[in-house]
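Have a look at the structure first, then work through the points below.

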2 protein chains.
Amino acid sequence: MILAGGAGERFWPASRSAVPKPFLRVVGGRSLLDATVARARRVAGRDGVWVVCGPEHAARIRRATGLPAARVLVEPRRRDTAAAIALAALRVEAVEPEAVMAVLPADHYIPDVRAFAADLRRAARAAAAAPVLVTLGVEPTRPETGYGYIRVGEPAGEEHPGLFRVRSFVEKPDAARARRYLRNGGYLWNAGIFVWSLRTILAEIERHAPDLHAAMAPLRGRRPTAASVRRAYQNAPSFPIDTAVLERSRHVWTHPVSWHWTDVGTWESLAQELGVTAGRSRVVDGELVFDDRGGNLLWGQPSRPVALLGVEGLAVVDAGDALLVARLDRSNGVREIVKALKARGRSDVT
Amino acid sequence: MILAGGAGERFWPASRSAVPKPFLRVVGGRSLLDATVARARRVAGRDGVWVVCGPEHAARIRRATGLPAARVLVEPRRRDTAAAIALAALRVEAVEPEAVMAVLPADHYIPDVRAFAADLRRAARAAAAAPVLVTLGVEPTRPETGYGYIRVGEPAGEEHPGLFRVRSFVEKPDAARARRYLRNGGYLWNAGIFVWSLRTILAEIERHAPDLHAAMAPLRGRRPTAASVRRAYQNAPSFPIDTAVLERSRHVWTHPVSWHWTDVGTWESLAQELGVTAGRSRVVDGELVFDDRGGNLLWGQPSRPVALLGVEGLAVVDAGDALLVARLDRSNGVREIVKALKARGRSDVT
C-alpha cells in the first residue's frame, strides 16, 4: 500500500499541489513514485500493489503506474496517514481479509531494491505470524536531526530472528542527542515503512483511535462507494499513524535494516543524496554554465542556463514559473514560503 | 557626443551584445541612453547631440533616440574610446570646425539634470577659451575602490573660476588608499565625461597617439564614407582615451562637480544606487514573493515570482533565457562569466 497523499511542500517550487514530490525525478532517473511501485511489485507481485492518494492526483497516478482504477484508492480529502491506512486496510480486507499489508511512502529513495525486498518479506513473515505492528528501522549513518528515531528494545524471540521490540519512538533530536544516538547505538531512523496484518492494524486502530474507527466502521465488509467514503471522511479525525497508534500500542516491533534510505525530505537532503559537498555542485536538471565556488544544487530548466558567482551552499530551483534561491542548510524553511504564498491566495505558484 | 559603444558585460545576463547596458532601464524609469540623450539636449540643443556606436546597435539607437541617421556615427568595429573620439571629432569638424565637444558615456546615471547642465556649460566655456582637455571630476562621497581618481592641482586661473589643473590620474586604489583620498581631499572620481574643442583634442591626439592620428587622417575635412571609415578602422589602434591622451597631455583641467553620479558599473553599484542595505532588498523588475533576510537585489521577470530563503547580499538576475545568482560584493566577476561563455561560443546567451 503506497501512500501518495503528501503535499510535497518542502520541494517547492519544483513540487506543487498539482505535482507533488512523488512525481518528481529527483534522483535515480525516474520518479520516486515509479521507483516505489517497482519496489512494491518485487514483494507483492503485479496484483498486490495499491495506492492511496487525493482526488487531484488519481488520474495521473493511474497513468503513471498502470495500476487498475480499483487499486488506486482515492481519499476525498486529506486526513493524514491514520485515516489513509484505515481506509486502505478496510478496502483490502473486503478482498483478502487475511492479508499482510506493507505501508510504503511514495516519495522515499531506496536504491537497493533487492535488499529492501528481502527485509520487507522478513518483516511480513513476522507480521503474519504475530499480532504486531512492525516498523522498518534504518541503521543511522550520521547524526541526523531531521528524522524521528526508534529506540530498540529486547529481541522479539527466537522464532522471529532479526526483529526487536520497540521501546519507544523519539522525536527529531537536537544535534547533541543525535550524536549520542549514533555513538551509543540502539537507535534507528523511523523510515515510516510499516508492516502488519489487516487484523492487527484494524484492532489497534479500534483500541487507540476509537474516533477514527467509528468514522470508518460503515465502510467495513463491503466495497465502499464514493459517497460512503466521503461520509466517513467527514467524520474522520486527522492524525498521523505514528502518534495515533504506534506510539500508544504495546505491540510494536522493529526490523533493523542497513540499506541506503532517504526520505529526500528537503533540498538539503537531496543535495546530500546527490553528493553536493564543499566545492562540489550537482545539477539535477538544466545547465550550470559558471560556478566558481561550488557546493551548490541546481534544479534548472534546460532552456535557461544558470551562472553562480561567489556563492556556495545554495539551492537554486528554477521551476519555470517560479524561482527559489535558498541556503541549503535553511531548506526546511521552504514550507514557510508555501504557507505564506497560500495565505496570499497564490494558487498560481503553489 | 554620446559614446554608446560599450559591451555592457558587467550587467550580464540582463545586458548582452545585442542589448547592452545603455538600453536597460536599470534606474530612473527609462533607459540610461534615453536619459543621457535628454541631458545632452539640455546643453547642446536638439541638433547638437550625436552618438557613436557599433553597427549592431545603430538602428535601435536611431529608433530609441529619434536622432537623424547622420548624427548616429557607426564604428565598423570596436576600437576603444580614443578611436571613437577621433572619429567623432573629425566628423563634427567637417560640419562645425570651431565646435566644443562634450563626451558623455551613454550608460551613466545622473539624476540632477539641471546641475549637470550648468557644470557642463561652465566646462565648455573653459574649453572654448583655452586649449585644454577638461574632465569633470566628481567629489567622492565614499571610499570607492571601483573608480579611477583625479588628483587635483592648482586652480586654472582667475579667468576660469571653478577649474583646476590635473596633477595626475590615479588607477583604481585599494581600500586603504581610497579612504585616505576621501579623508585628505584633493581627489575626484574620474567620471569619463570630457569637454574640449575639436581643435585641441585633435591636436593632442596627433601629439600623443600618432598612429591613431595617421589611421584617421584620411577622414579629415570631408564627409566620410562607410568604406573610408572601414579603412581607417583597419589601421586604427585600440586605446582608451585616458591612457592614450589624457594621462600624457600637459593641458588637462578638471571641473569638480558635486552632484550625484554613478556609472552603474556593476550589480553592486546598482544595488547601492537603489538603496539595498543590510536587511533591505530592492526589486528592479519582477516579483519577490518571499525574502526572509533582505539585502538582496532582484532583477526578475514579471511572469516568474522569486523566493529568497536565508540569503542576503545577493543579486538574482533572471533575464528570461539565462539566470545569474551572484554575491553583490563579487559582482565585478560577472565579466569572467561572459568571458567564459564567449570562449565556449555561447553567443546564445552573451
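In chain A, strand β12 (residues 297–299) and strand β14 (residues 314–318) run parallel and are joined by three bridges. Within that pairing, Leu298(A) sits opposite Val316(A) of β14(A). Keep in mind that this is a predicted model. Those two strands belong to an open sheet of six strands, which takes strands from chain A and from chain B.

**The sheet with β12(A) and β14(A)**

- Read across, the order is β10(A)-β12(A)-β14(A)-β15(A)-β13(B)-β11(B), and the pairing is mixed.
- What stands at the edges? You'll find β10 (282–285) of chain A and β11 (288–291) of chain B there, each with a single partner strand, so one side of each has no neighbour in the sheet.
- From one strand to the next, the twist averages 5°.
- Helix α10 (residues 267–274) of chain A lies across β10, β12, β14 and β15 (323–327) of chain A, and runs at about 105° to β12(A).

**The other mixed-chain sheet**

- There's also an open sheet of six strands in the order β11(A)-β13(A)-β15(B)-β14(B)-β12(B)-β10(B), again with mixed pairing.
- Its edge strands are β11 of chain A and β10 (282–285) of chain B, and each of them pairs on one side only.
- Ignoring direction, neighbouring strands here are turned by 5° against each other on average.
- β11(A) pairs with β13(A) in the parallel sense over three bridges, and Leu288(A) has Val306(A) as its bridge partner in β13(A).
- Helix α10 (residues 267–274) of chain B packs on this sheet, where it touches β10, β12 (297–299), β14 (314–318) and β15 of chain B. The direction of this helix makes about 105° with that of β12(B).
- Here's where the sheet crosses from chain to chain: β13(A) pairs with strand β15 (residues 323–327) of chain B, in the parallel sense, over four bridges.

**How the chains touch**

- How many residues of chain A are in contact with chain B? The count is 27 residues of chain A, meeting 28 residues of chain B.
- On chain A, β11 (288–291), β13 (306–309), β14, β15 and α11 (334–343) each supply at least two residues of the side that touches chain B.
- β15(A) gives the most to that side, with five residues.
- Sorted by class, the residues on chain A's side are 20 nonpolar, two polar and five charged.
- The copies meet through the same surface, because 100% of the interface residues of chain A are also interface residues in chain B.

**Symmetry**

- To superpose chain A on chain B, you need a rotation of 180° with 0.1 Å of shift along the axis, which gives an RMSD of 0.1 Å. That's the relation of a two-fold axis.
- Which residue of chain A comes closest to the rotation axis? Val325(A) does, with its C-alpha at 4.1 Å.

**A helix pair within chain B**

- Helix α3 (residues 80–93) and helix α6 (residues 198–208) of chain B pack at an angle of about 135°, with their axes 10 Å apart. That angle makes α3(B) oblique to α6(B).
- The crossing of α3(B) and α6(B) is left-handed.
- From α3(B), the contact uses Ile85(B), Ala86(B), Ala89(B), Val92(B) and Glu93(B), while α6(B) brings Leu198(B), Ile201(B), Leu202(B) and Ile205(B).
- By class, this contact has eight nonpolar residues, no polar ones and one charged.

Conventions
Residues numbered from 1 in each chain as written. Chains lettered and ligands numbered in written order. Predicted model: local features only at pLDDT ≥ 70, side-chain atom pairs only at ≥ 80, totals over all residues. Least-squares fit on C-alpha atoms with pLDDT ≥ 70 in both. Contact = placed C-beta atoms within 7 Å. Axes fitted to C-alpha atoms, helices over the stretch in contact; angles between N-to-C directions. Parallel < 35°, antiparallel > 145°, perpendicular 65-115°, else oblique. Left-handed = near helix turned anticlockwise from the far one by under 90°. Nonpolar A, V, L, I, M, F, W, Y, C, P; charged D, E, K, R; others polar. Pairing = 2+ DSSP bridges.
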